[in-house]
Amino acid sequence: MRRVRLWGLVVGFVLMGATAQAAGTLRVGMQDDPDALDPALGGTFAGRIVFASLCDKLIDLNDKLQFVPQLATAWMWSADSLTLTLTLRDGVTFQDGEKLDADAVKANIERYRSAPYSSRRSELKPVTSVEVVDPKTVRLVLSQPYAPLIAVLSDRAGMMAAPKVIEQLGKDFFTHPVCAGPFSFVERVAQDHITLQRFPGYWNAGAIHLDRIEFHPIADSSVRLVDVQAGQLDMAEEIAPTDAAKVQQDARLRLMKTTALGYEGMMINLGNGTGANADLARDPRVREAFEASIDRGVINQVAASGLFVPDNQSELPTSPYFNAQRPVPPRDVAKAKALLQQAGVAHLTVELQTLNTPLDTQIGEIIQSMAAEAGITVKLHAGETISNIAAMKQGNFQTSLTIWSGRSDPDFNITQYLSCDGFQNWTKYCNPAFQTLLEKARAVTDPAQRQELYHQVAATYIADRPMLFLFHMTWLYAVSKHLEGFTPVPDGLIRPQGLVLQ
């Protein structure tokens, strides 16, 4: 028996060695072109997909939604929850050869929390200082307990960039990002491709079996699928639900999927520039009427082949943070008409911004058709991700379909859009009662207390309706059978560790 086991180990090591020698260029078809490739600036899901190969984080998330070590090997809260101490991994270098140590982490966190251009400032607002304990230990000091901090450090605010490059480039870091991830930046051609190459000095080099990764933004999901079928791509993310059966029927491909933490919702401009729709902005009854004209179940069945999860909240219905007392409301055209009459709106016209993807376009058309039966005219405007975001920042929108890729902590499934200081609060919603609830929920670490507070948070935004949540997506991937080792994670990111091209 011992000899059999030893022989098995030998074979295993041989196979591992063969796998480690595997190489090639992974070609990934993406729905969107990322915005700035700087963790301090970025705000798109597509950017996070690229960052997963370019910039390691202090803490990562696995497919079971557990926080796991990455650049930090351990973390510990103080008894009063006012300090978080992180132990850093030995032997980590940035892609420019600079070593990762506590000083480097301090430089990154300080940049995220204080640089005028940083979109991470609100996420790290409770952090008052960063202390270097020794070269491998860093301590974050807080003004109050802040339960979402671990989740924050598992996202952009936990990505470590090379301090010397930050100092050299400043807010132009995105032109040539240098991090501590497995792949280094080569080039970017807008709307065409982003190319990364393997970084030989990566701390976990044994897990990387690819020479290069190319990310190709292709807005049309059917084109992405055709390119995978033709062998021009090795995988495509965000496959349209209506194409899922085609992937399953193709012997060259595998359909891989997981229910997303993320959601799609309709953002309503309440006071951001000239785009704010007067009727929608002034009276929540008008927003309620608009919602009453919509059937989320029909949207799911028609546009998503029943693969998504209809929802009216930022959390999945299976989450303990979902407020079960506020379930998805049924469509009620008569109620919609009555609410408009009560609000004194004879005829409501709404401009709806969508992505120029087949799925978003279809969702917009379904909403347009449903709303018309309640006497509401919906005018559709389709655009690509970056231009849509620019329009929302400038207030040049009335309503907009918005996708959030989702986070493991409930605070960061809502704060960025609806907190008064949220970095993507393009509606300009700011309810003091809602803000107070959020701040209480962040400062509580007891799960039961947090659940109750986030139930109240949900009840408040459901009543105010600055955003109408529609559904949680299912992440769908078309993967070539030549690609092995891919595991979908509910956050939707494509992690390169363990990927092998046969």
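Me: Where does Asp 243 lie?
Reply: Asp 243 is in the loop between β11 (235-236) and α7 (244-249); helices (H or I, at least four residues) and strands (E, at least two) are DSSP runs numbered from the N terminus. This is a predicted model, in which local features need pLDDT of at least 70, side-chain atom pairs count only at pLDDT 80 or more, and totals for chains, interfaces and linings use all residues. Residues are numbered from 1 along each chain as its sequence is written, and side-chain values use heavy atoms, with hydrogens and water left out.

Me: What is Asp 243 in contact with, leaving aside its neighbours within four places in sequence?
Reply: Ser 221, Ser 222 and Leu 225 are in contact with Asp 243, where contact means heavy atoms within 4.5 Å.

Me: At what angle do the axes of α10 and α12 cross?
Reply: The axes of α10 (residues 296-304) and α12 (residues 358-372) come within 10 Å and cross at roughly 140°. That makes α10 oblique to α12, because angles under 35 degrees count as roughly parallel, over 145 as roughly antiparallel, 65 to 115 as roughly perpendicular and the rest as oblique. Axes are lines fitted to C-alpha atoms, for helices over the stretch in contact, with angles from 0 to 180 degrees between N-to-C directions.
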